[in-house]
Amino acid sequence: MADLRTRDPDRRERILRAAAELVAERGFHAVSMADIGAASGIVGSGVYRHFESKSAVLLALLDEGMARLLATAAEAVGSGRPDTEVLDALVRDQVRFAVDESVLVRLWLREVQTLPEGDQRRLRRLQRHYVEEWVHSLRELRLELSDAEARARVHVAIGAIQSAATWNAGVPRDDLAALLTQCARRCLDA
């Protein structure tokens, strides 16, 4: 009886993680499919069984990150909790994402522009929807803020949080998370 080949169910995830690390470290254009394959334990051509191109790999990573952020934002906003708690949950999740998924944040900040125009527009639309969840929650708490003022505060808070993904703070994870949370709250509360 011939051995049946079985597909490794974790291979796609290994490819994505390897690609994320490589692209975050070297940049999109400096990484080849062969590099991604080697880092994930397969030949470069094996990556094509899961993704049609290097752009498709990057797109899958960015889509995954946005989907997670949108899902947790929708959960917080739909929870029925008071607006203060909703905004706290949004801040907490963004901090967790920036600290624990810093590679995805770096990819977004540095590599989204390498994607085809249509994919960029779609991702930016998702990003705007995510920001709108924050703006709505903030405006419910801060009635004196105009839409533009609330939006500016939200962008500054998210930017402050995401900045931690671009440098190594050299402080323990929990201390960094507490600092980022405090900074974001100050941006929103000022």
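1. The model is predicted, with local features needing pLDDT of at least 70 and side-chain atom pairs counted only at pLDDT 80 or more, while totals for chains, interfaces and linings use all residues. Residues are numbered from 1 along each chain as its sequence is written, and side-chain values use heavy atoms, with hydrogens and water left out.

2. Helix H4 (residues 54-77) and helix H6 (residues 102-111) have axes that come within 10 Å and cross at roughly 120° (helices are DSSP runs of H or I, at least four residues, numbered from the N terminus; axes are lines fitted to C-alpha atoms over the stretch in contact, with angles from 0 to 180 degrees between N-to-C directions). On the H4 side the contact (heavy atoms within 4.5 Å) is made by Leu 58, Leu 61, Leu 62, Glu 64, Gly 65, Met 66 and Arg 68, and on the H6 side by Leu 104, Leu 107, Trp 108 and Glu 111.

3. Glu 133, in helix H7 (residues 117-141), is buried (under 20% relative accessible area, 1.4 Å probe, protein chains only) yet has no salt bridge (a side-chain nitrogen of Lys or Arg within 4 Å of a carboxyl oxygen of Asp or Glu). The nearest side chain of opposite charge, Arg 151, is 11 Å away, and, leaving aside residues up to four places away in sequence, Glu 133 touches Ala 73, Val 77 and Leu 90.

4. Arg 153 lies in helix H8 (residues 147-163) and, with residues up to four places away in sequence not counted, touches Leu 138, Arg 142, Leu 145, Cys 187, Leu 188, Asp 189 and Ala 190. Its C-alpha atom is separated by 33 Å from that of Leu 22, 131 residues apart along the chain.

Note on methods
Helix = DSSP H or I, 4+ residues; strand = E, 2+ residues; numbered from the N terminus. Buried < 20%, exposed > 50% of the residue type's maximum accessible area, 1.4 Å probe, protein only. Lys, Arg positive; Asp, Glu negative; His and termini not counted.
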